[in-house]
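Hi,

Here is the structure I promised to pass on. Have a look first, and my notes follow below.

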Amino acid sequence: MPDFKKLMVASGLVLLSACSLNFLPGAKPTIPSPIAANPASLRIAVLAPEELRLPKNEIVLTVYQKSGSGEISRDYTLVAADAGQEAATVAEFRKPGQKLTVLRLSPTDALALRDQQQEMAAAREAGGARPGFSVDLDAACWNGPMIAPAVPLDVLIEAGTEEGFHPLLQDIDIFALMNRPEESRLKSCS
């Protein structure tokens, strides 16, 4: 797995852990477990500088569960969803200069996730399971001069519950991704 992908997964895991420990009054509820998510309503919102390009049908959501008895994991290629419909629900997270891209599961993948959720729920009863989400942005590229953008990258998740969007990755420094070693850096689109 390339380093860019590891960064995204690791950042998501750190944020998931931080969110689950947030008990402050008025704080957003914790990110729902993948087992509790509604696959038909699950949305990923990417808030990024205009120059970050997300290739169609190449952004992958991984839903996983790790336990002492093994790992249940599956990758789902995300498809475009109506960003206009979600704009108001992500407004509190959006920084000036960020464009919004919203992605969802295809109907076929939503059904496959339902099957995976049943498998994960059965395995979770055995105890010690840690479910999670990760988003692979390895296919993204930068369409502009390789200089520091004014805004960071944020990735949000809405799991089809009444709680709305939650940060999965937050304040990712794109300039740092541009300056990583060649094999793991954010590439230029040209």
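**What I found**

Cys141 and Cys189 are joined by a disulfide, with 1.9 Å between their sulfur atoms (the term covers a pair of cysteine sulfur atoms within 2.5 Å). Cys141 sits in strand β8 (residues 141–142) and Cys189 in the segment after β11 (187–188), so the link ties together parts that are 48 residues apart in sequence. The link is right-handed, with 95° about the S-S bond. Cys141 is buried at 16% relative accessible area, while Cys189 is partly exposed at 31%. Buried here is under 20% relative accessible area, exposed is over 50%, and partly exposed is in between, using a 1.4 Å probe and protein chains only.

Before going on, two words on the basis: this is a predicted model, where local features need pLDDT of at least 70 and side-chain atom pairs count only at pLDDT 80 or more, while totals for chains, interfaces and linings use all residues. Residues are numbered from 1 along each chain as its sequence is written, and side-chain values use heavy atoms, leaving out hydrogens and water.

Next, the sheet. Three strands form an open sheet in the order β4-β3-β7, with antiparallel pairing. Its edge strands are β4 (70–77) and β7 (130–136), each pairing on one side only. Strands are DSSP runs of E with at least two residues, helices runs of H or I with at least four, numbered from the N terminus; two strands pair if DSSP finds at least two bridges between them. Strand β3 (residues 60–67) pairs with β4 over eight bridges, and Tyr64 has Ser73 in β4 as its bridge partner.

Cheers
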